[in-house]
Amino acid sequence: MNPEVLLSRIRVVLCRPSHPGNIGAAARAMKTMGLSRLYLVAPKQFPDPEADTRATGAVDLLQEAKITATLNEALAGTVFVVALSARQRDLGPALGAPRETVARLLAEAAQGEVALVFGNETMGLSNDEIQHCHAAVTIPTNPDFSSLNLGSAVQVLCYECRMAAFAEKPPVVVPGVTPFVSLPASHDEVEGLYGHLESVMTATGFYNPEQPGRLMPKLRRLFGRVRLEKDEINILRGVLASTQVKTGFGRKD
């Protein structure tokens, strides 16, 4: 299935968020990874100017956010739900690692809508909320300093969602930057380079065709290590065309 379609089926659900700035940070984290469906369960303060400020370009997600009174309402219509939890609960699903659990989430997204559920900044998810989820995940932070704010937690899991949706190879596009890679050179263009190189080396005295040795095979091996591009061929032949200084036949014993 199209990766963008999979990502569009993921709801990010924030349960009882207490700080509007964290809602904005979560929206920004979502948008950078291609997720867009934000659900807020009983937010303490929303909408709020601080949420808009922290969203930094993702205000559209805040404007389209769905606000519900309960987690059940936010999960209506979903086929698979993953909760973020810092600890294992006596009741509820076992904790899994982000990569493996998100892979399950994306597999279920092929069948319908899914959700990632995050708890309150201070208390996390309640035991009752955890029991509404099919799986749970924990982010393996430094045990000596495990504090992770809500926006950062959303960023980590949204990143894993994007990587899983694109099979570890999401497209990388930098706006306004000219692509560095040109088309690959054809066989004829590469052979033309070798002919030009041999001609220039002969004319300058660096290469003696009567005693060729292994020079040309070694040069072929050197350039053969990379897939030469058309632009690279043009650059190298431009350098060769400007070479006029005679150096004599290579090394003299």
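At what angle do the axes of helix α6 and helix α8 cross? I began there.

**Ground rules.** I am working on a predicted model, where local features need pLDDT of at least 70, side-chain atom pairs count only at pLDDT 80 or more, and totals for chains, interfaces and linings use all residues. Numbering runs from 1 along each chain as its sequence is written, and side-chain values use heavy atoms, with hydrogens and water left out.

**Entry 1: α6 and α8.** I looked up α6 (residues 98-109) against α8 (residues 150-165); the axes cross at roughly 60° and come within 9 Å. Helices here are DSSP runs of H or I, at least four residues, and strands are runs of E, at least two, numbered from the N terminus. Axes are lines fitted to C-alpha atoms, for helices over the stretch in contact, with angles from 0 to 180 degrees between N-to-C directions. The α6 and α8 pair is therefore oblique. Angles under 35 degrees count as roughly parallel, over 145 as roughly antiparallel, 65 to 115 as roughly perpendicular, and the rest as oblique. I noted a right-handed crossing for α6 and α8. Right-handed means the near helix is turned clockwise from the far one by less than a right angle; left-handed means anticlockwise. From α6, Pro98, Arg99, Val102, Leu105 and Leu106 make the contact, and from α8, Leu157, Glu160, Cys161, Ala164 and Ala165. Contact means heavy atoms within 4.5 Å. I sorted the α6 and α8 contact residues into eight nonpolar, two charged and no polar. In this scheme Ala, Val, Leu, Ile, Met, Phe, Trp, Tyr, Cys and Pro are nonpolar, Asp, Glu, Lys and Arg are charged, and the others, Gly among them, are polar.

**Entry 2: α2 and α8.** Next I took α2 with α8: axes 8 Å apart, angle about 15°. That makes α2 roughly parallel to α8. Their crossing is right-handed. Asn22, Ala25, Ala26, Ala29, Met30 and Thr32 of α2 touch Leu150, Gly151, Val154, Gln155 and Cys158 of α8.

**Entry 3: α9 and α11.** I then checked α9 (residues 187-204) and α11 (residues 230-241), whose axes come within 10 Å and cross at roughly 15°. These two helices, α9 and α11, are therefore roughly parallel. Their crossing is left-handed. The residues of α9 in the contact include Leu193, His196 and Leu197; those of α11 include Ile233, Leu236 and Arg237. The contact of α9 with α11 has eight nonpolar, two polar and three charged residues.

**Entry 4: backbone.** Most residues other than glycine have a negative phi, and most peptide bonds are trans. I found a cis peptide bond between Phe46 and Pro47, with omega about 0°. Pro47 sits in the loop between β2 (37-41) and α3 (49-55). Arg16 has a positive phi, near 50°. I place Arg16 in the loop between β1 (10-15) and α2 (20-32).
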